[in-house]
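This report describes a single protein chain from the whole fold down to individual residues. The structure comes first, and the text follows it.

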Amino acid sequence: MGRRRELLGGRTEHALRQESTPVIHGIRHDGAATPSNDDVLDALESAYPDLVFVCWSAAALHGAEYAAGHRPEIWLPAQGRRHGVVMRCGHLPAEDVVTVSGHVATSIVRTAVDLARFAEGDEKIAGVDQFIRVDRLGRSLTTKAAILAYLDTHPGLYGANRVRDVIAEASNRAQSPWETYSRLVVHRSGLDFFRPQQPVPSTPFHVDLGSGKYRIAIEYDGDYHRSTEQQRIDIARWNAITDQKWIIIRVTSPMHLSGRSAFLERVARELRTRGWSGPSPTNPPLKLPKIHRLNDVPESKSAGHSLQNVVQSD
């Protein structure tokens with residue numbers, strides 16, 4: 001692995017392109033194999049020995065769910081530019097830097113803070129949700145309290161108010177980014193009594209968003225539910241839930257993107273048939289990053305990191 005001039009040797013440019021593969025812009029490795037995630041990280045470390053992986057790259061290293069698919073992000077002592085790589089600089093305290101799986105990255109709490117400061121649109125909330133999400137064993141990468149304590153001990157931190165705003169809307173119950181976006185749409189519309197991961201009494205199941213009082217469930221329905229095995233599981237689950245006189249309203253990413261009004265009107269109609277008399281929900285803003293506008297990326301969970309989509313040809 002190396003820069004073009006290092007790999008050329010006695011080869012022509014044409015031969016180099018035929019016999020090697022770009023890892024990141026300007027750095028290639030011999031052979032035709034698709035660069036692995038570690039290849040991308042190693043290439044960046046080769047190019048920038050003083051780097052620290054930050055934001056989404058650090059989140060992936062720490063095992064945050066759904067951190068895949070983002071451009072690599074690194075911190076450097078001085079500002080730099082490289083096609084396909086997000087570069088940040090500025091003060092980074094030594095105590096905020098750790099070693100994870102052999103790579104240098106920001107600490108868990110600092111990574112969550114940086115996602116809340118710098119991630120695009122409402123993905124900053126989805127990212128923090130995955131950091132504070134409590135798993136089946138009662139574990140989470142960090143907590144709201146720890147993030148707020150970091151802000152208290154770092155007065156004057158750029159974007160601190162943005163972090164506090166994110167924390168105000170974050171939840172430790174979101175299982176995926178699209179569940180986060182569903183919650184944001186419903187809560188911002190005025191229907192904030194829907195609870196994420198609401199248990200359904202007399203069943204072993206929870207629903208993505210639910211009102212126990214009105215027995216209404218809102219479930220995000222993505223590509224993950226299209227497999228034969230998952231459909232079998234879903235049917236048994238939905239039957240058990242509807243047997244308890246609950247209604248399930250399914251929502252998809254296109255509905256969040258361009259059909260929010262119709263979706264919320266449907267929710268309001270079902271609520272009114274069950275005795276609710278509140279004001280009609282409003283159609284709230286939802287700021288989705290390009291990765292979710294173009295692809296339903298978060299349907300396959302990955303605790304690891306996938307940076308292959310940033311490989312650049314040169």
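In the protein chain, 60% of the contacts with a separation of 6 or more are between residues 24 or more positions apart, a contact being heavy atoms within 4.5 Å. The model is predicted, so local features need pLDDT of at least 70 and side-chain atom pairs count only at pLDDT 80 or more, while totals for chains, interfaces and linings use all residues. Residues are numbered from 1 along each chain as its sequence is written, and side-chain values use heavy atoms, with hydrogens and water left out.

## Overall

The protein chain contains 13 helices and twelve strands. Both are DSSP runs numbered from the N terminus: helices are H or I with at least four residues, strands are E with at least two. Among the 314 residues of the chain, 50% count as buried. Buried stands for under 20% relative accessible area, exposed for over 50%, and partly exposed for the range in between, with a 1.4 Å probe and protein chains only. The chain exposes about 15,000 Å², of which carbon and sulfur atoms supply 50%; areas come from the Shrake-Rupley method with a 1.4 Å probe.

## Cores

A nonpolar core is a set of buried Ala, Val, Leu, Ile, Met, Phe, Trp, Tyr and Cys residues joined through side-chain atoms within 4.5 Å. The largest one has 52 residues, and the members that touch the most others are Val-128, Ile-147, Phe-194, Ile-218, Phe-263, Val-267 and Leu-271. Not counting residues up to four places away in sequence, Phe-263 touches Val-185, Val-186, Ile-218, Ile-249, Val-251, Met-255 and His-256. A second, separate core of 19 residues has Ile-24, Leu-61, Ile-74 and Leu-76 among its members. In soluble globular proteins, nonpolar side chains tend to be buried together.

Glu-270 is found in helix H12 (residues 260-273). This glutamate is buried, with a relative accessible area of 17%. Residues up to four places away aside, Glu-270 touches Ile-216, Ile-247 and Ile-249.

Two cavities of 30 Å³ or more are present in the structure. A cavity is a set of points, on a 1 Å grid over the protein atoms alone, where a 1.4 Å probe fits but cannot get out; lining residues have an atom within 4 Å of a point. Grid points are joined across faces, edges and corners, and the volume is the space filled by probe spheres set on the points. For the classes in the table, Ala, Val, Leu, Ile, Met, Phe, Trp, Tyr, Cys and Pro count as nonpolar, Asp, Glu, Lys and Arg as charged, and the others, Gly among them, as polar.

| Cavity | Volume | Lining classes |
|---|---|---|
| Largest cavity | About 60 Å³ | Eight nonpolar, two polar, two charged residues |
| Second largest cavity | About 40 Å³ | Three nonpolar, no polar, four charged residues |

The lining of the largest cavity consists of Trp-56, Ala-59, Ala-64, Glu-65, Tyr-66, Leu-115, Glu-123, Ala-126, Gly-127, Gln-130, Phe-131 and Pro-177. Helix H4 (55-61) and helix H6 (123-132) are the elements that give two or more residues to this lining. H6 supplies the largest share, five residues. Ten of the ten residues of H6 are buried, so this helix is largely enclosed by the rest of the structure. The buried residues of H6 include the charged Glu-123, Lys-124 and Asp-129.

Around the second largest cavity lie Arg-173, Ala-174, Glu-179, Arg-183, Pro-196, Asp-208 and Leu-209. Here the elements that give two or more residues are helix H9 (177-188) and strand S10 (206-211).

## Individual residues

Most residues other than glycine have a negative phi. Cys-55, although not a glycine, has a positive phi of about 50°. Cys-55 has its place in helix H4 and counts as buried at 1% relative accessibility. Gln-197 also has a positive phi, near 55°. Gln-197 lies in strand S9 (residues 195-199) and is buried, with a relative accessible area of 14%.

Val-134 is found in the loop between H6 and helix H7 (144-153). At 34% relative accessibility, Val-134 counts as partly exposed. Leaving aside neighbours within four places in sequence, Val-134 is in contact with Arg-139, Ser-140 and Asn-172. Val-134 and Asn-172 are 38 residues apart in sequence, and their C-alpha atoms are 5.8 Å apart in space.

Notes. 1 Å grid on protein atoms, 1.4 Å probe; cavity = no way out; pocket = protein on both sides within 12 Å on 5 of 7 lines; lining within 4 Å.
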